[in-house]
Amino acid sequence: MINLQELEELYLRRQSCRAFSEKPVDDGLIKEICRLALLSPSACNSQPWKLIAVTGEKAKELAKGLQDLGMNKFATDAPVLVAVVEGKSNLTAKVGTRFKDNDFLHNDLGILTAHLILAAEAAGLGSCILGWRNESKLRSVLRLDKSARIPHVVALGYPPEGYEIRPKKRKPEEETFELIQS
């Protein structure tokens, strides 16, 4: 079992990686990272998602849908891009969303994405969640229906030799955490 110190080390190592080496990522490793991410929890176990991993020239083509207005230029160098595609929630989660006025679907997709980047980090890969995107271009490359939503794309790959781990800058704990005791 992983201990909290090991988990903290993983969290401290993980950062948004915006440079990738040319080293390819093995298809088996991509599948394993995605398999682990898909173990993440979801409201009423609805699992409202699909992960689509893209490599090679197709990844370079997909990267163009992430680069409008000069953004995310580094995405072209990522050997793997994983599209997080919004699926349908089950009936119980939909009812809960409506009655509790809580966006369970997007919470679930955020949790899935967090699991994906942490699994990638544990496997020695760098990652970056890309929110700037042209969904129409992404849908076209991925051959998805025009109603499909892609809230995140995650760039994955090996960081280049000597890639520096930046120290985490966090707000003071008293601004971000409170323990209320009975």
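In the predicted model, R35 forms a salt bridge with E32, the closest N and O atoms being 2.7 Å apart. Both residues belong to helix α2 (residues 27–37), and because R35 and E32 are three residues apart in that helix, about one helical turn separates them. Side chains of opposite charge can pair when their charged atoms come close. A search of the whole structure finds seven salt bridges.

The helix that carries this pair, α2, also packs against α5, at an angle of about 140° and with the two axes 8 Å apart. The orientation of α2 and α5 is therefore described as oblique, and the crossing in which α2 passes α5 is right-handed. On the α2 side the contact is made by I33, C34, L36 and A37, and on the α5 side by L112, H115, L116, A119 and A120. When these residues of the contact of α2 with α5 are divided by class, eight are nonpolar, one is polar and none is charged.

Helix α5 (residues 104–122) is also placed against the sheet, where it lies across β1, β2, β3 and β4 (152–157) and runs at about 160° to β2. The sheet itself is open and consists of four strands in the order β1-β2-β4-β3, paired in the antiparallel sense. Because β1 (49–55) and β3 (126–130) stand at the edges, each with a single partner strand, one side of each is left without a neighbour in the sheet. From one strand to the next, the twist averages 20°. The antiparallel pairing of β1 with strand β2 (residues 80–86) extends over seven bridges, and within the sheet A53 stands opposite V82 in β2. Helix α3 (residues 56–63) packs on the sheet as well, touching β1 and β2, and the direction of α3 makes about 115° with that of β1.

Two further helix pairs were examined in the same terms, since two packed helices are described by the angle between their axes and the distance between the axes. For α3 and helix α6 (residues 135–142), the axes come within 9 Å and cross at roughly 160°, which makes α3 roughly antiparallel to α6. The crossing of α3 and α6 is right-handed. The contact involves K58, E61 and L62 from α3, together with L138, V141 and L142 from α6. By class, the residues of the contact of α3 with α6 comprise four nonpolar, no polar and two charged.

The remaining pair brings the description back to α5, against which helix α1 (residues 4–13) packs at an angle of about 100°, with the axes 10 Å apart. Helices α1 and α5 are therefore roughly perpendicular to each other. Here the contact is made by L10, Y11 and R13 of α1 and by L118, E121 and A122 of α5. The contact of α1 with α5 contains four nonpolar, no polar and two charged residues.

Terms used
Residues numbered from 1 in each chain as written. Predicted model: local features only at pLDDT ≥ 70, side-chain atom pairs only at ≥ 80, totals over all residues. Heavy atoms only, no water. Pairing = 2+ DSSP bridges. Helix = DSSP H or I, 4+ residues; strand = E, 2+ residues; numbered from the N terminus. Axes fitted to C-alpha atoms, helices over the stretch in contact; angles between N-to-C directions. Contact = heavy atoms within 4.5 Å. Parallel < 35°, antiparallel > 145°, perpendicular 65-115°, else oblique. Left-handed = near helix turned anticlockwise from the far one by under 90°. Nonpolar A, V, L, I, M, F, W, Y, C, P; charged D, E, K, R; others polar. Salt bridge = Lys/Arg side-chain N within 4 Å of Asp/Glu carboxyl O.
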